Amino acid sequence: MKILKRMLLLIAVIFTIVLISNYPKLNILAGYSAKYTASSVFLAERTLGFTDSTDTNFSPVNLATDTIDLENKFAISSVFGLLTRKAVYREGLGAVLTLDASDEAASYAVPKRSKADNTTPFPYGNAPQKDTVFANINYKKLKKTVGTIFGSNKSRAVVVVYKGQIISEKYADGFDKDSKMLGWSMTKSLMSTVFGVLEHQNKINIQDKAPVASWQNDPRKNITLHNLLQMNSGLEWDENYDEISDATKMLFLERDMTKMQAEKPLQEKPNTSWNYSSGTSNLLSGILRTQFKTHQEYLDFWYTDLIDKIGMNSMVVETDLEGNYVASSYAWATARDWAKFGLLYLHNGNWNGEALFTKKWVAYITTPTPTSNGTYGAQFWLNAEKQFKDVPENMYFADGYQGQRVYVLPDEELVVVRFGLSGFEENLFLKGVLESIK
C-alpha cells in the first residue's frame, strides 16, 4: 500500500510539473481555438461541427474542446478542463478573445459600411458577368489545372480573372461564391494599401520617421515608415508559431496588438536586416490610427476609401480589444472580393475610373527589400529572383498561412486567387494556368 501511495504521489508530482511547464502553451492553444471558432461560426457562418472537423482539427489545437452560444454569440475552448478561453463576436468587428469579464460588456465603435452593388456586373459590382469566351484560352486545360489543387491539397476556392473576366472558378463542397475566407497574412497587404491610399491623398509620407513616442530618445527614432513597411526596421521579433513566441503572445494574449513590436529593442541597423514580423504590421495599424482625429475615422477609412470603394463588401477586418485592426492576420472576405483586391493592383490603383493610388505605389510595393533575396516588397511577396521558375519575375502576391494567395500577373492581365487549408505546388499550378492562355 505504501508503494502504491508513493507511485500515485510521484505520478501526481510529474503531472503537476508537466502541467505547469505547458500551461502557457495551453493558453495559446485554447486561445487559437476559441478565436477561430467564434470567427468561423458567427462571421463566416459555418457550423461548429464543420469548424471542429476541418479548421481546428490539427495537432495540437484539436486537444481543445469547443462550445458555442448561438444566442449570445461567443465561443469557449477548453483544454482537458484545465484552461478555458472565451471569444466574443461583435457585429462589424468580428471575433475577439476576452482577457477578463469586463471585456464582454465593453462598448465599442463599429465602421460605417456602404451597401453592396448587386446590379453592376463583377468586378465593379456583384451581379453576374456577361458570358465572354476568349479564343486564346484553353478552357479544358484550365479546368484540369484548377482541379489538380483540390482534394488532397485541401483547396477551398480558386478564382482566375483574365482581362477583368472570371475565366475559371471552383469551390470545395460546402463553399461557394458567397463564402467568406480568412486571408491570414494577406491582411498585411491590405494594410499596406491603406498607406498607399493615404499617400496618394497627400496625407502621409512613407519616408517620414515612424511617429512612435517611446522611440524618440534612442536610436529607434531613425526608423522610417518605409523601413516598417519593408519589414527592415532592425527591431527584434520572433515569428514562430510552433512555440510560445512574440507572434503567438501578441495574437492570443494581448489587449492592444499594436504595442508589442514598439517595445522591442533594435537588433540591427535599419534597412540592413529583413525580418518577417506580424508585430510590425500591427504596429503600422496603430500608426495608421494616429493619422486620424478620432477612432471612428480610423475605423471608417479602411472601408470608405478602400474596401467598400472597390466593392469588397463582404470583407470584415477584425480588431483587437482596443479597437485596432489586426493588420497581421484577420481579414475575411469572399474569394471574388479578394480577386477585386488583386484587380485594383493589376489596374495600378485605378478603380472604374477613380485613382485610389498610382503606378508609383505599385512600383514601390514591388521593389525588393534589401536582404530579402528578392522575395519581399512592402507587405507583398515577390518573384523577383524567380523563386517560381516558370512564372514571370514581375508576378507579385499577397500571402497568407496555409496557402491563401492573391497573385497578380501584370503582363498577362491575370489575377489568381486561391484559398485552402494546406500548401500546394504553386509553381506547377501557376505554370498550368499560364499555359492555358495562348
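1. Strands here (E, at least two residues) and helices (H or I, at least four residues) are DSSP runs, numbered from the N terminus. The model is a predicted one, in which local features need pLDDT of at least 70 and side-chain atom pairs count only at pLDDT 80 or more, whereas totals for chains, interfaces and linings use all residues. Residues are numbered from 1 along each chain as its sequence is written, and side-chain values use heavy atoms, with hydrogens and water left out.

2. On another side of the pattern, strand S12 (residues 381-382) pairs with S13 in the antiparallel sense over two bridges, and Leu382 stands opposite Tyr396 in S13.

3. Why can S13 be called largely enclosed by the rest of the structure? Five of the five residues of S13 (residues 396-400) are buried, so the strand is largely enclosed; buried means under 20% relative accessible area, exposed means over 50%, and partly exposed lies in between, with a 1.4 Å probe and protein chains only. Tyr396, Ala398 and Gly400 point one way from S13, while Phe397 and Asp399 point the other way, and all are buried.

4. These strands belong to an open sheet of six strands, with the order S6-S5-S15-S14-S13-S12 and antiparallel pairing. S6 and S12 stand at the edges with a single partner strand each, so one side of each is left without a neighbour in the sheet.

5. Val417 has its place in strand S15 and counts as buried, at 0% relative accessibility. Leaving aside neighbours within four places in sequence, Val417 is in contact (heavy atoms within 4.5 Å) with residues including Ala157, Val159, Trp338 and Val406. Val417 and Ala398 are 19 residues apart in sequence and 9.5 Å apart in space, C-alpha to C-alpha. Ser168, in strand S6 (residues 165-171), is buried as well, with a relative accessible area of 11%, and touches Leu142, Val146, Val158, Val159 and Val160, not counting residues up to four places away in sequence.

6. Helix H12 (residues 426-435) has seven of its 10 residues buried, so this helix is largely enclosed by the rest of the structure. Among the buried residues of H12 are Phe429, Leu430, Val433 and Leu434. What covers them includes helix H4 (139-147), strand S5 (155-162), S14 and strand S15 (414-420).

7. The largest nonpolar core has 127 residues, and those with the most contacts inside it are Phe195, Trp302 and Tyr345. Apart from it lies another core, of six residues, among them Leu29, Ala64, Val79 and Leu83. Such a core is a set of buried Ala, Val, Leu, Ile, Met, Phe, Trp, Tyr and Cys residues joined through side-chain atoms within 4.5 Å.

8. The side chain of Glu243 meets that of Lys25 (3.6 Å, N to O); Glu243 lies in the loop between helix H6 (225-229) and helix H7 (246-253) and Lys25 in helix H1 (residues 2-43), so the pair ties together parts that are 218 residues apart in sequence. Glu243 is partly exposed, with a relative accessible area of 42%, and Lys25 is partly exposed too, at 38%. Asp218 forms a salt bridge with Arg220, with the closest N and O atoms 2.9 Å apart; here Asp218 counts as partly exposed at 21% relative accessibility, whereas Arg220 is buried at 11%.

Definitions and conventions. Two strands pair if DSSP finds at least two bridges between them. A salt bridge is a side-chain nitrogen of Lys or Arg within 4 Å of a carboxyl oxygen of Asp or Glu.
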